[in-house]
Amino acid sequence: MPTLVSEACKQSNPGTMVKKLEGQGLALSGGGYRASLFHLGVTRRLHEIGALQRTTRLSSVSGGSILAGFLAHRMLDRGAQRLEFDDWETEVSAPFRDFVREDIRTGLFLRHIAWNWAFPGARARGLEKAFRKRLGAAKLVELPKASADSIEFIFLATDIEHGVLWRYTSDKIGTYKRPKVDTPDSMTIAHAVAASACFPPIFGPIKVKVEGKVIAHLTDGGVYDNTGMQPIWVDNKVVLVSDAGTPFETKVPKWFGSRIMRYVDIGRNQVGALRRNAIIRRLDRNYQNIHLPSGEPTDKPSGAFWRLASKHKGFLEGADDEFKAEYATLKADWYGYPESVLDDRISEIRTDMDAFTNAESKILENHGYTMADLALRRHARHLGNIGARFEVPHRDLLDPGTVSRELRNSHSRLHFWQRWFD
């Protein structure tokens with residue numbers, strides 16, 4: 001598997017052999033239920049403009065994998081090979097908002113509190129059972145194989161033995177560090193989601209068994225790459241990356257334990273920044289040159305990248321007058337939450353798998369819907385019918401004052417009892 005560095009070298013050396021790029025890839029990052037709900041809004045808008053239906057590879061991590069697993073089950077229920085739905089709100093959004101109303105984390109933590117740290121295996125198995133109960137018991141091998149006419153699901157976890165990404169697909173599981181094996185017929189999608197989302201030290205590691213033998217120990221995919229973009233950014237001609245990871249906080253912690261974690265966070269932030277900069281540089285060369293004068297598409301990669309913490313002014317910078325006028329028209333009605341709400345409330349929402357309120361769910365869905373539209377409208381409007389009406393899903397939660405009130409405790413992990421009775 002090409003590394004980020006080696007691929008960057010290929011791009012800087014035109015004489016290097018580069019594999020043919022094909023298909024459209026979508027990466028959904030980690031970040032607990034917060035990420036799942038942000039991506040719910042993202043995929044909703046992609047589906048409206050027809051871009052989700054043309055996606056041939058969906059790569060996901062942690063919170064992104066929770067939504068991907070949910071979408072995979074809904075797709076299989078329809079007997080489909082692509083993510084195509086007749087009524088997104090009824091078939092996808094409303095059921096998924098119900099899904100995140102259930103607290104997965106707290107019950108498992110309390111049930112095993114006596115041996116929580118010494119014996120994590122029971123919690124890991126409990127997490128898998130919880131996902132199987134909520135998602136379904138469909139098997140990985142039931143998912144479509146990679147082809148131009150179907151969508152391939154890639155669930156990412158971290159192999160803690162070799163320190164690399166572990167991939168779950170419908171036909172193979174493993175890493176490039178060890179021989180991949182055929183996906184066992186009995187392995188469920190819920191298992192792959194649990195391995196991708198078992199954030200340490202609360203959950204995991206999860207053991208992978210083949211024919212009764214443990215072949216790997218896995219933890220949250222975000223430990224290695226929280227964007228989930230590695231499988232798509234070197235192989236797909238179209239690359240879409242939705243990053244709902246936690247923005248880096250600019251403060252000096254006072255408590256000793258927080259200071260220790262701060263040093264870890266700085267290192268993780270640097271790695272994340274390198275990945276983000278690499279994909280943006282790669283795409284930026286082609287943002288303004290997607291098509292030849294004849295109208296035929298070029299053979300260069302294209303796509304878009306957006307974050308939960310993206311600012312509108314970043315998309316407006318360097319934009320032409322036509323885009324600025326289009327933006328002003330959309331803004332005259334409603335086209336995203338103000339920066340004060342984004343910085344003080346939305347960016348502070350916890351990354352967790354406890355119960356999320358209906359208001360939290362709808363606000364995050366609104367935000368993801370807008371960020372995806374803005375990024376595609378600015379950088380990749382050739383990917384779908386971007387002229388499809390922009391209609392934010394939940395207009396009852398647009399007022400900044402209302403949003404601030406609804407999210408006033410959303411940063412805290414200690415208000416779960418209130419969320420249970422919302």
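Which residue lies over the face of Phe356, and at what distance from the ring centre?

Modeller: In this predicted model, the residue over the face of Phe356 is Arg350, at 4.0 Å from the ring centre. Phe356 also belongs to a cluster, in which ring pairs link it with Tyr33, Phe70, Phe96 and Phe99. A further charge over a ring involves Arg378, whose charged end sits over Phe323, 5.9 Å from the centre of that ring.

The aromatic pairs in the protein number 14. One of them joins Tyr369 and Phe390: the ring centres are 5.1 Å apart and the planes meet at 55°, so the pair is classed as tilted, since edge-to-face requires an angle over 60 degrees and stacked one under 30. This pair links distant parts of the chain, its members being 21 residues apart. Tyr369 belongs to helix H13, which covers residues 358–379, whereas Phe390 lies in the loop between H13 and helix H14 (400–406). Tyr369 has 0% relative accessibility and therefore counts as buried. Phe390 also counts as buried, because its relative accessibility is 13% and the limit is under 20%.

As for the setting, the protein has 15 helices and 10 strands, and buried residues account for 55% of its 422 residues. Of the contacts between residues at least 6 apart in sequence, 74% join residues at least 24 apart. The protein exposes about 18,700 Å², of which carbon and sulfur atoms supply 53%.

Definitions and conventions: Residues numbered from 1 in each chain as written. Predicted model: local features only at pLDDT ≥ 70, side-chain atom pairs only at ≥ 80, totals over all residues. Heavy atoms only, no water. Helix = DSSP H or I, 4+ residues; strand = E, 2+ residues; numbered from the N terminus. Buried < 20%, exposed > 50% of the residue type's maximum accessible area, 1.4 Å probe, protein only. Contact = heavy atoms within 4.5 Å. Areas by Shrake-Rupley, 256 points an atom, 1.4 Å probe, with all protein chains shown as cover. Phe/Tyr/Trp six-rings, centres within 6.5 Å; stacked < 30°, edge-to-face > 60°. Lys NZ or Arg CZ within 6 Å of the ring centre and 35° of its normal.
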